[in-house]
Amino acid sequence: MTALSPVEAEPLLYNTTSNRPNPMYDKTIAEQSRALASGEISSVELTQTYLDRIRLFDGDINSFITVTEALALEQAAAADQRRAAGDANAMTGIPVAHKDLFCTQGVKTSCGSKMLDNFIAPYESTVTGKFRDAGAVMLGKTNMDEFAMGSSNENSHYGPVKNPWDKSAIPGGSSGGSAAAVAAQLAAGATGTDTGGSIRQPASHCGITGMKPTYGRVSRWGMVAYASSLDQAGPMTRSAEDAAIMLNTMAGFDNQDSTCLDHEVPDYTATLNDSLEGLTIGLPKEYFAAGLDSEVEQQIRNAIAEYEKLGANVKEVSLPNARLCIPAYYVIAPAEASSNLSRFDGVRFGHRCEDPKDLMDLYIRSRSEGFGEEVKRRIIVGTYALSAGYYDAYYRKAQQIRRLIRDDFLNAFKECDVIMGPNAPTSAFDIGSMSNDPVAMYLSDIYTLSVNLAGLPGLSVPAGMANQRPVGLQIIGQHFDEARLLNIGHRFQQATDWHQKSPALV
Amino acid sequence: MAIDASGVKKVAKLARLSIDDDAVEVTAATISSILELVDSMQAVDTLGVEPLAHPLDAIQRLRPDQVTEENQREQLQGCAPAVEEGLFLVPRVIE
Amino acid sequence: MQWETVIGLEIHVQLATKTKIFSGASTAFGAAPNTQACAVDLGLPGILPVVNEEAINMAIKFGLGIDADINKVNVFERKNYFYPDLPKGYQTTQLEKPIVGAGHVDITLADGSTKSIRIHHAHLEEDAGKSLHEDFHGMSGIDLNRAGTPLIEIVTEPDLRNAEEAVAFAKKLHSIVTTLGICDGDMSQGSMRFDVNVSVRPKGQQEFGTRTETKNLNSFKFMEAAILKEVERQIDLIEDGGTVIQETRLYNGDTGEARSMRSKEEANDYRYFPCPDLLPVIIDDSRLEKLKTEMPEMPDAKKARFIADFGLSDYDAEILSADQGTANYFEATVHASDDAKLSANWIMGELSRSLNQNSIAISASPVTADMLGGLIKRIKDNTISGKIAKEVFEVLWQGECSTADAVIEKKGLKQVTDTGAIEAMIDDVLANNTQQVENYRVAEEDKRGKMIGFFVGQCMKASKGKANPGMVNQILKQKLDG
């Protein structure tokens, strides 16, 4: 990518100057959609704006692995035609980015790994296919922790992603590229995937809105698997309303995914403005205990106070097995991953070592060269957990605990409508500060993992700053309660402006 | 549960991964610390608890027995590292 | 010392579905390499399996066919190991909750007695691809067309005691799966493959000896030979002071040689766990009831009916009920000819000889059951003799005509039954063989029976085989004895 010096760039590409307040890239998908509909702007212009901004700013942020410039402009032109023909929906012509683990036909799909550096997907994932069919424009594929394993986006073959709010900080992971791209206004919205917090935590760290839907709400077809029973795709946007718009496109039954559920998809935008009067918010006492950064806690408590002003009631609930989510997750996810990643063997696709001397050599060198450290680590942990004599003590035990964790939530939901808390114990930490201590990094997933284990929907909305870095409020709902979560997020965003803040890029 | 260097090597081989000799000790220590983390599960009484495979306890849907896939060999082998006469090539398989 | 052999079998049966167990790719045999391997079969990143309903139904039918329990909750598990013909690095199979529980298959032994062989269980799984070892610059080529073909793996208890029993069992199993229509039974294409676990022990000893497993035998003949060879090897080994080691062996049917499979010696740890991409398959009562109504008559019931309804011998009934194609053909022939005994004789004689010589399945026979039935009818009503019938059959086989009547008409093979014509012919024969007539008349009574054959032969020759042999005999006797 040729870096364009900021001084040469068009002033309209900046949000640091005030000569054009609220330029198009600073608008939400909802606003852009209206501007496209009124003819105020064309998709080609909007797309070009983002492509220019990517060229200007992403050399530093590193949120994209692949920018599909020509394809994007082609899709934008088609979207404009479609709009002119009266065949448009809210996503038609909106430039989005996809996490680089969604297979996109004819476009490199790397999963942030050297293993798939040469992989041009021969088919389209259901999620990206739905956006394509809706007429959305794909700007490119975003950076991520290799095979979605990580909480900091430092585990990428393509280098770490920087947090646009503070480039010495991590953006969170594993959907760090998508979060950073949306925060830096390099895309109107992005897709992410969340196996243990990989949408909510980077959304929180980057000051954007991110939703992990109910397990089975969105098809996993064409999404390179990390941990099959936990992975779920969701939207990463600048507002809850935008998340609703994107989820309208993403959600739905897919007969190619056995775990995808045939459950009616409502119009998620229809109930955004419903009243919160009488809403009961549960605060798990285990989420406000030792280990939570006081500044983060303060922002969360402020946000909850805001909800009380909106008519909600607050009560303490308990998730007694909450702390067990870490051991359960760090058995189930690596175990499934160790098996899911066996297909990367240098035979049919992906990295293959030079001149293998025999089969064993082909396997061992191809895999050892192709996978990074964290991926290898998790494959070894998962292989160990499944190996003879350990299955019952590890995988089966973890799946039993998984039921206890889910049942805790089901019990809590007898007393409240939604659960709120932090996404992470701290705001974004510094790049490199935890990379030598995987266990410490795993422990920081404490508030997000159990939502995946229980298959629940979770939403993160920007709720303030802690230590000069963004903090998100996590809202957890009952199965298939995405519409209510988005409503709750939207009403908060009507009352606050945290989601409208954006980092100054130079 | 701790794992030593030879244990790590054995598991790595099962997973078809190699670990450099000079990194084995460190890897064993890291893996041991992860295992120690997950071992906290062992204190929990889960007697009689059914393992949870799908969070909504959903059941498998069945597919009608109809051919839906056409030959796409050219496309699907587009990224294959070594192909000849439509076959994927590997070092000789000895049975 | 007296030795006893103990044999247990594991049989892989390819189910006759149109598509793979987890993908919509065709299972048809013989396609160009990798043209029937879709993204799912290749294990490409991001792809997901969905279970084929017909594979479930066929496995249930097998269970119903062997009086087995059908497990209501079915879980697919992953068996993890690396091999080039296993694209995902794991085989999706069943371990703890197989679809078919304990059942039994009854076999008939040479002495006519029956023995019940217990089935431990049968589970559903996906087949692997194939490694081709032709020389690609010292490399092997991998064809994944077969990958994902649905299999049931049937596991017996170690109830078989010799190669003969094992073969009888294998044939019976073949008969069951083809009758059920869940397998095409074509062993030359690998539709049924046998793994044979063999051990020996001193007669009378309770504990089993150490067993070896000989894998992938794809014909009854090879299976028998492999068992005989392995039993001999084990006994020789023990008698020479050695011990049998548990190992996987390979038998080459073409050379008759067996050897240890070194590549499988490495201790494997398959790390089974429930496949997280698939959910439990629940088999409800309505499915079971519906499948029960679709069950065909099983070979044992059919055999009993053939004996009761058609008066067949035990032996004939066993052969004719053994596979669905033969049984159907037999019943259709009886229907067309109204003669079970002649139908049985013709099917087990002339027809099966021609089918075997030309390696044709009975379902593809150029002489259909209707054609054979029509032929038998003409034997019964004396239009043709049994000998001419063979000629007619040959013409039908060659495809020159489509009914026996057309052959008889076209070739003028209608039997001569006109007394006058036969008498005239006999008079000619007697006039031309006066010496033989003289000899006959002076011969002892008990020699005459044999001597009359000469005159019958002459008459048949003169009539080009068309004279009714019964009438020829009768009239000759009158004239000679006259």
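# A walk through chains A, B and C

Helix α3 of chain C is mostly covered, for 15 of its 18 residues are buried (under 20% relative accessible area, where exposed means over 50% and partly exposed lies in between, with a 1.4 Å probe and protein chains only). The model is predicted, so local features need pLDDT of at least 70 and side-chain atom pairs pLDDT 80 or more, while totals for chains, interfaces and linings use all residues. Residues are numbered from 1 along each chain as its sequence is written, chains are lettered from A and ligands numbered from 1 in the order written, and side-chain values use heavy atoms, without hydrogens or water.

Helix α3 of chain C comprises residues 163-180 (helices are DSSP runs of H or I with at least four residues, strands are runs of E with at least two, and both are numbered from the N terminus). At the start of the helix, a side-chain oxygen of C:N162 comes within 3.1 Å of the backbone nitrogen of C:E164. Just after the helix, C:G181 adopts a positive phi of about 70°.

Of the 482 residues of chain C, 54% count as buried. The radius of gyration of chain C is 29 Å, whereas a compact globule of 482 residues would have one near 23 Å (the radius is taken over C-alpha atoms, and the globule rule is 2.2 Å times the number of residues to the power 0.38). Along the principal axes, the C-alpha trace of chain C spans about 90 × 55 × 55 Å.

Two further residues of chain C deserve attention. C:D67, in the loop between α2 (53-65) and β3 (73-74) of chain C, has a phi near 55°, a positive value in a residue other than glycine. With a relative accessible area of 55%, C:D67 is exposed. C:R193, by contrast, counts as buried because its relative accessibility is 8%. C:R193 belongs to strand β11 (residues 192-202) of chain C, and its side chain is joined to that of C:N216 by a polar contact of 3.3 Å (a pair of N or O atoms within 3.5 Å, one able to donate a hydrogen and the other to accept it, with residues adjacent in sequence counted only if both atoms are side-chain atoms).

The largest cavity holds about 160 Å³ of space. Among the 19 residues that line the largest cavity, C:F22, C:V40, C:D41, C:K88 and C:E126 are the closest to its centre (lining residues have an atom within 4 Å of a point). Both α1 (39-42) and β5 (90-93) of chain C supply at least two residues each to this lining.

In chain B, attention falls on B:E85, which lies in the loop between β2 (83-84) and β3 (87-91) of that chain. B:E85 has a positive phi of about 50° although it is not a glycine. Its relative accessibility is 59%, so B:E85 counts as exposed.

Chain A has 15 helices and eleven strands. Its radius of gyration is 21 Å, close to the 23 Å that the globule rule gives for 506 residues, so chain A is as compact as a globular protein of that length. The C-alpha atoms of chain A fill a box of roughly 65 × 60 × 45 Å along the principal axes, and 69% of the 506 residues in chain A are buried.

Helix α9 of chain A (residues 325-340) has 16 residues and reaches 21 Å from its first C-alpha to its last, close to the expected 22 Å. Because 16 of its 16 residues are buried, α9 of chain A is largely enclosed by the rest of the structure.

Elsewhere in chain A, the peptide bond from A:G173 to A:S174 is cis, with omega near 5°. A:S174 is found in the loop between β3 (137-142) and α5 (176-183) of chain A. A:G189 is placed in strand β4 (residues 189-193) of chain A and is buried, with a relative accessible area of 0%. The C-alpha atoms of A:G189 and A:S178 are separated by 8.1 Å, and the two residues are eleven residues apart along the chain.

Definitions and conventions:
Expected span 1.5 Å × (residues − 1). 1 Å grid on protein atoms, 1.4 Å probe; cavity = no way out; pocket = protein on both sides within 12 Å on 5 of 7 lines; lining within 4 Å. Points joined across faces, edges and corners; volume = space filled by probe spheres on them.
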